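Dear colleague,

Please find the structure below, followed by a short account of what was found in it.

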Amino acid sequence: MRWQGQQVGATDVDALPGLESLDGLVRSVTTPEFAGITFHEVLAKSALNHVPGASAMPFDWTINPYRGCSHACAYCFARKTHEYLELDAGADFDSQIVVKTNVAEVTRRELARPTWLRETVALGTNTDPYQRAEGRYRLMPGIIDALAESGTPFSVLTKGTLLRRDLPQLADAAASVRVSIAMSIAVFDDDLQKLVEPGTPSAAARLATVRAATDAGFRVTVFLMPILPHLTDSPAALDHALAQIAAAGATRVVFGALHLRPGAKQWFWQWLERERPDLLPVYRGLYPGVSVSAPVGYRKLLTARVRPLLHRHRLAGGAEEEVEMRVPRPGPVRATGARMPAMAGAATLF
Ligand code: SF4
């Protein structure tokens, strides 16, 4: 891989942001508690990534402490980014995790710049900040402190139950900056969840985390996405999901159909061939060639199906293309998760 064997201080102009200049030792670590996973520890040069103004993203800045994600969702939109590291978008994305061990320190330094305008920073936009690696590296507490102390509002989006560990700290941060929390839960059938998102906590565990965040004072958004055609989109399945989301205390739901970007699409086809070959022709029909999104007709059908269910379960929110896309400007409002940025197309977020 491109950065393996780098010399201290070497520069790699083709590397991803944060990896261009390895100003410190890079080592690869395997440990029995994380069988099958290799952590590649790097010293990042930068932490804050600017999202270009023309982008469809609902935020201006992101921080990604990890590259790759052991949650291993078969549909993951971020898979292709691993290819920039000369790792593959399939198994390597799930098991070769790049860890920016100094990300909190770099974040703090960048936030201290006089030019920093305290725009909202989104965590969880590319890979999951509360994936299993976070249990070992504990990078998020330092990032949260740095953001709160600098007066920077931020949002956290995750599938990880490790979020629970940091809830007291997040609640403290929310006393001074706007903090939005969202949990991604797409699959409520345990057998299917283990097949399609094999590294994630169960839906029940994630719902318990939603409850804990609610009890800590947050208004939590749940991202019910991606909804998988012919797998999780029946009226009964959606009703079951929304009932559980409401019971967990979430106030808002953003839903959307599966997107299949290049990289993710090939990997998802392989998953279908292995687990549900009967559905392969159907999916090839819905996502022909290079198309990323499900057809408009399907998405309209989904909206017509979900909207009355949201109403029935007294949940705010809507389809990803309908909901508020911008996070409000900073303010000393505690935990107003109701305006969490929508996932600008599940193509880019969970
Ligand atoms: S979709 Fe999110 S949680 Fe799943 S593998 Fe990708 S980054 Fe991780």
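Helix α8 (residues 235-247) has 13 residues and, at 1.5 Å a residue, should span 18 Å, which agrees with the 18 Å between its end C-alpha atoms. The expected span is 1.5 Å times one less than the number of residues. Helices (H or I, at least four residues) and strands (E, at least two) are DSSP runs, numbered from the N terminus.

This is a predicted model, in which local features need pLDDT of at least 70 and side-chain atom pairs count only at pLDDT 80 or more, while totals for chains, interfaces and linings use all residues. Residues are numbered from 1 along each chain as its sequence is written, and side-chain values use heavy atoms, with hydrogens and water left out.

Leu238, Ala241, Leu242 and Ile245 of α8 are buried (under 20% relative accessible area; exposed is over 50%, partly exposed in between; 1.4 Å probe, protein chains only). These residues cover an arc of only 95° around the axis, so they lie on the same side of α8; the arc is that of the directions from the helix axis to the C-beta atoms. The face turned away from that buried side carries the exposed residues Ala236 and Ala247. Among the elements covering the buried residues are α7 (203-215), β12 (221-227), β13 (252-257) and α11 (296-312), where contact means heavy atoms within 4.5 Å. Gly249, which follows α8, has a positive phi, near 100°.

Glu321, in the segment after β14 (316-319), is partly exposed at 49% relative accessible area.
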